[in-house]
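Me: I am new to this one. Could you show me the structure and then go through it with me?
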Amino acid sequence: MTGPGRSGLAGAFTVAGVVFLWGPLLVVVLFSLHSTAALSFPFRGFSLRWYEEIFSSAEVRSAAENSLIVATATAATTLVLGTLAAYGLTRTSSRARGPLALLFFLPITLPGLFIGTALLVAFARIEVTLSLATVAAAHLVYVFPFFFLIARAALDRLDPALEEAAADLGAGRWLVFRRVTLPQVWPVLVGAACLAFALSFDEFIITFFVIGPDSTLPMFIWSTLRRTIDPSINAISTLLLLFTLLLFVVTFALTSWSERRRRGSAEPLVVPALKDAP
Amino acid sequence: MSGEARVRLEGVSHRFGDVTALREMKLDVADGELLTLLGPSGCGKTTLLRIIAGFERPTTGRVLLAGEDVTDRPAHRRATNMVFQRSTLFPHLDVFGNVAFGLRVAGVPRAEQRERVREALQLVSLEGYEHRRSHELSGGQMQRIALARALVNRPQVLLLDEPLAALDLKIRLDMEAELRRVHRETGATFLYVTHDQREAMALSDRIVVMNAGAVEQVGTPAEVYGRPASTFAARFVGDANVLPVDVLDVSGDEVSVALAERRRQVTCAGARGGPAWLVLRPEAVQVGRLAREAGADELTGVVRDVAFRGTGFQYRIAVDALETELKAEAPASSPELAVDERVTVDWTPSACWLLPRDDDARAAGGPLPTRQETPA
């Protein structure tokens with residue numbers, strides 16, 4: 001904020017906002033490096049003991065593995081299904097186009113609590129045993145709209161004349177997709193898949209309902225905190241935070257790189273899900 | 001295959017919902033010719049091109065390429081290639097990737113791809129541009145690459161959809177010369193769509209004048225310009241004056257007509273008595289200062305507008321007893337006439353053309369006021 005609109009009050013609000021948003025996170029990061037088990041000031045010095053502790057814990061490792069498995073499965077499935085849905089819907093002239101698109105991204109408005117209970121009831125009805133597979137399926141419901149919105153925005157912005165030109169030069173549908181459409185949008189699609197991965201990786205509420213005997217990292221943190229205040233939680237949370245941030249950075253870098261690559265046709269790509277993401 | 005039409009359209013009609021874009025089109029494009037579809041926007045010329053390319057399926061009728069019915073064949077299985085109005089170069093590929101696209105899809109061996117791309121780039125005078133990206137090219141260069149990308153596949157017919165419309169005038173003139181040269185050197189069949197009559201004249205072997213989804217006239221540029229088949233063709237090609245007259249008597253090619261209560265001479269073959277349209281090109285109209293009393297059959301009028309066009313003056317004249325203003329062009333060497341000046345109007349009888357006037361729907365639909373009450 002510069003110019004005549006600048007005021008001390010606005011500055012104070014901005015600082016307060018930033019502190020409110022990032023303060024708690026910094027405290028967690030700070031205490032993950034604390035040399036004692038105390039979770040309050042005064043701070044008595046740095047150490048990596050909590051990180052050593054979690055890396056040597058079999059429970060943490062198994063939970064992390066589970067989280068990785070679920071997030072990878074979710075991201076891969078979303079990448080394929082979401083791309084197909086977005087490509088189909090941007091290339092059809094069918095009347096169902098609008099309503100279908102709405103159906104695909106409307107779940108973005110559903111509360112996690114609702115998705116969780118609904119899926120739990122559904123799984124019980126069709127007698128599916130709860131496992132990591134049900135978690136991945138539930139995560140798919142949750143992350144699909146985010147992926148779909150990004151993929152559709154990217155595909156919508158492609159010039160349909162380019163696909164026509166490719167067909168004119170002898171390329172059938174699949175070749176047009178592989179040689180012309182995909183090369184132009186893959187960075188955005190991979191970026192959106194990273195986002196799907198990140199959303200799945202630290203998802204808690206829905207997971208809580210549909211998970212079986214296994215545990216994921218957020219589940220592990222929650223169950224540990226229920227029993228005791230364990231400082232190693234700070235270390236796990238910090239790693240989780242860094243990992244998620246990294247994925248968001250990758251997402252952002254890929255989408256903006258793809259945008260720069262298509263110089264000439266201006267108008268920046270709006271990534272709706274990045275703004276709304278929790 | 002030379003005796004056979006490269007492209008033949010048989011009764012091709014096309015409707016978008018309730019709108020008829022094309023009605024019962026019949027057309028033969030001969031081997032190696034440069035044929036232009038000329039008409040105002042919305043006349044169906046681009047739809048026709050897209051039907052030939054395979055992007056649209058005609059509602060009725062057949063499309064034949066070299067004698068083979070391709071009506072039901074999708075675009076990627078037709079031996080046609082298109083140059084679009086806007087650049088459709090693939091942004092993720094360099095110039096080589098773009099020009100080689102069709103060859104690669106067709107499975108042409110690498111070495112042959114390189115050789116043919118080199119030849120194609122040479123043809124459009126852009127040799128050595130293989131590794132440029134499309135954003136490093138100017139508008140004219142992009143369209144030349146698009147031309148190379150299409151021609152490298154040696155199509156049965158090259159379709160060009162207003163390829164110069166997005167370019168600046170100067171580049172457009174250069175590109176016209178370039179297109180003529182490429183057409184001469186390749187001997188390929190070109191089907192060219194434009195709304196610019198000057199461009200059509202400059203490029204074509206034959207012109208198809210289209211209006212409201214139908215053909216108005218097919219002919220060489222000289223035929224279409226000199227002997228328009230309809231008032232629409234006369235107005236659209238060459239911006240002619242189209243005036244309602246009555247043919248008084250015919251003796252051979254010499255025809256007397258009544259115009260603005262005057263008796264005038266026109267040279268035209270095959271004229272009949274009765275109402276007619278007089279087609280008068282602006283450059284055939286002679287305008288002079290009214291210095292003396294006008295003769296009994298002399299046309300007089302007032303200058304309404306003057307525009308200097310470099311090569312000459314362009315006038316709009318309100319002729320006495322004539323409803324429409326007359327467009328006239330005078331060479332720059334002639335004395336400039338001022339607005340509101342009284343003038344005499346004359347023309348060379350041989351520079352005129354007569355069209356039958358039966359007040360049919362086509363004539364009535366034109367921008368000229370129709371005069372039903374003309375005396376017999």
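Me: Which domains does the assignment give for chain B?
Reply: Chain B has domain 1 (7-226) and domain 2 (239-365), with bounds from an automatic or database domain assignment. This is a predicted model, in which local features need pLDDT of at least 70 and side-chain atom pairs count only at pLDDT 80 or more, while totals for chains, interfaces and linings use all residues. Residues are numbered from 1 along each chain as its sequence is written, and chains are lettered from A in the order in which they are written.
Me: And what separates the centres of the two domains of chain B?
Reply: The centres, taken over C-alpha atoms, are 39 Å apart.
Me: Changing topic: what is the strand order in the open sheet of chain B?
Reply: The order of its 4 strands is β2-β1-β4-β5, paired antiparallel. Strands are DSSP runs of E, at least two residues, and helices are runs of H or I, at least four, numbered from the N terminus. Two strands pair if DSSP finds at least two bridges between them.
Me: Which are the edge strands?
Reply: β2 (19-29) and β5 (68-69) of chain B, each of which pairs on one side only.
Me: How many bridges join β1 to β2 in chain B?
Reply: There are 7, and β1 covers residues 7-16. L9(B) has L27(B) of β2(B) as its bridge partner.
Me: Next, how many residues of chain B are in contact with chain A?
Reply: 18 residues of chain B are in contact with 18 of chain A, contact being C-beta atoms, placed from the backbone, within 7 Å. α2(B) gives the largest share of that side of chain B, 3 residues.

Technical notes
Two residues are in contact if their C-beta atoms, placed from the backbone, lie within 7 Å.
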